[in-house]
Amino acid sequence: MSKTVNVAIFGATGAVGVEMLKVLEERKFSMDKPRLLASRGGRTMKWRGEDVPVDAIAPTSFEGIDIALFAVEGDISREWAPVAVKSGAVVIDNSSAFRMEPDVPLVVPEINSSDIATHKGIIANPNCSTIIALIALAPIHRAATIKRLVASTYQAVSGAGKAGLDELEQQTREYAEGKPLSVSAFQYQIAFNLIPHIDSFGEDDYTKEELKMRNESRKILHAPELRVSCTCVRVPVMRSHSESLTIETERAISPEEAREILKKAPGVKVVDAPSDKKYPMPLDTSDQDLIYVGRIRPDQSLEDGKHGLVLWVSGDQIRKGASTNAVQIAEIVSQKL
Ligand SMILES: NC(=O)c1ccc[n+]([C@@H]2O[C@H](COP(=O)([O-])OP(=O)(O)OC[C@H]3O[C@@H](n4cnc5c(N)ncnc54)[C@H](OP(=O)(O)O)[C@@H]3O)[C@@H](O)[C@H]2O)c1
């Protein structure tokens with residue numbers, strides 16, 4: 001890293017913001033004390049053992065800032081990212097607000113870090129389920145060209161932020177106490193349930209979350225022809241999204257070859273020993289950055305059974321699916337400052 005940079009975290013008090021602070025500290029990012037921003041001040045957060053104040057967002061918030069890590073909802077990003085860019089900061093945004101804009105790079109550093117160079121002030125962090133899927137799929141795509149992907153996601157409640165986490169905890173407590181369950185963060189009760197509805201419904205009755213998997217995968221892999229169908233499901237898991245991924249490839253690929261490719265792939269841990277009951281599960285993949293891949297097997301629905309695979313992945317969507325990916329981008333940006 002070439003110089004000590006000034007970093008702001010906007011949305012510092014939320015699920016992603018809290019983790020960003022932790023990841024910056026863990027990775028020893030070369031920076032001064034961060035500027036922490038949220039909807040209101042009057043709070044402090046710990047940075048290297050010191051109390052740092054949280055400030056209410058204001059038009060002057062980004063003055064003197066080199067890199068602004070945004071961890072707020074899309075409409076708030078849309079309002080404040082231009083303010084930060086005008087102040088001279090590079091914005092790394094976690095929301096979906098800018099991801100599909102042609103002049104905004106959408107980056108997973110292990111896959112397309114060279115796209116960062118094209119930025120004009122804003123760099124987008126992809127959707128969490130898309131990052132988790134592509135960390136496993138990009139190395140296979142490079143080896144055998146994926147033509148088609150069918151994905152089903154099992155998304156943790158923390159994907160809906162702090163409110164989602166609090167709701168599963170509260171409903172579990174209320175259930176145990178025999179009380180009526182309060183519902184506010186999700187459409188229905190999430191404790192002891194599944195909800196096949198994340199974000200709003202759109203094209204062909206797919207949800208926007210499902211369409212992100214298609215659109216963002218195409219952009220990150222530079223594969224505009226990739227065919228994708230995705231079903232996104234909220235599950236009563238605290239942390240770490242899991243996904244079933246079925247792929248069809250141009251070249252034949254065996255599970256053994258895929259396993260060998262993935263063992264060497266950055267950011268991946270292969271856990272695939274079904275006879276020993278070893279496979280990725282969210283309780284094992286949380287609070288870390290590796291994406292776990294297992295249950296790798298041929299797709300028996302294919303005619304020859306050779307041009308496709310089925311995989312199961314699980315990874316911490318607040319870490320690699322959001323905060324760590326953003327900090328990795330910030331590390332690359334900071335080398336150019
Ligand atoms: N959670 C995940 O797993 C995940 C993964 C990938 C991407 N993302 C994306 O990351 C972003 C943040 O998600 P999150 O899960 O961290 O959400 P969250 O836990 O709800 O946190 C939201 C943050 O935004 C701040 N905020 C809310 N309203 C505001 C306003 N009107 N003005 C200024 N600040 C405001 C909150 O500050 P206060 O404390 O002041 O309310 C808080 O710091 C979202 O775009 C989300 O889609 C989340």
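Visitor: Hello! Where do I begin, and which domains does the chain have?

Guide: Welcome! Please keep in mind that you are looking at a predicted model. The domain assignment divides the chain into domain 1, covering 7-126 + 322-334, and domain 2, covering 130-317. Their C-alpha centres are 25 Å apart. Where the domains touch, 20 residues of domain 1 and 18 residues of domain 2 take part.

Visitor: How much area do domain 1 and domain 2 bury between them?

Guide: About 1600 Å² is buried between the two domains, with 60% of it on carbon and sulfur atoms. On the domain 1 side, look for Met100, Glu110 and Ile111, which supply 32% of the area that this domain buries against domain 2, more than any other three residues.

Visitor: What about charged pairs? How many salt bridges cross the interface of domain 1 and domain 2?

Guide: First, the general idea: side chains of opposite charge can pair when their charged atoms come close. In this model, the rule finds 2 salt bridges across the interface of the two domains. As for polar contacts, 8 residue pairs are counted between domain 1 and domain 2.

Visitor: Which helices supply residues to the side of domain 1 that touches domain 2?

Guide: Helix H1 (15-26), helix H3 (109-112) and helix H9 (319-335) each give at least two residues to that side. By type, the residues on this side of domain 1 are 8 nonpolar, 6 polar and 6 charged.

Visitor: And how many salt bridges are there in the whole structure?

Guide: The search of the whole structure finds 22. One to look at is the pair Arg148 and Glu248, whose side chains meet at 3.4 Å, N to O. Arg148 sits in strand S8 (residues 146-155) and Glu248 in strand S10 (residues 241-249), so this pair ties together parts that are 100 residues apart in sequence.

Visitor: Now the ligand. Which residues come nearest to it?

Guide: There are 27 residues around the ligand, and Thr13, Val16, Ser39, Arg43 and Val72 come nearest. Then try its oxygen atoms. An oxygen atom of the ligand lies 3.2 Å from a polar backbone atom of Gly11. For Lys162, a polar backbone atom is 3.0 Å from a ligand oxygen atom. With Gln317, it is an N or O atom in the side chain that lies 3.1 Å from an oxygen atom of the ligand.

Key. Residues numbered from 1 in each chain as written. Predicted model: local features only at pLDDT ≥ 70, side-chain atom pairs only at ≥ 80, totals over all residues. Heavy atoms only, no water. Domains from an automatic or database assignment. Contact = heavy atoms within 4.5 Å. Buried area = accessible area lost by both parts, 1.4 Å probe. Salt bridge = Lys/Arg side-chain N within 4 Å of Asp/Glu carboxyl O. Polar contact = N/O pair within 3.5 Å; in protein donor to acceptor, adjacent residues only side chain to side chain. Helix = DSSP H or I, 4+ residues; strand = E, 2+ residues; numbered from the N terminus. Nonpolar A, V, L, I, M, F, W, Y, C, P; charged D, E, K, R; others polar. Near = heavy atom within 4 Å.
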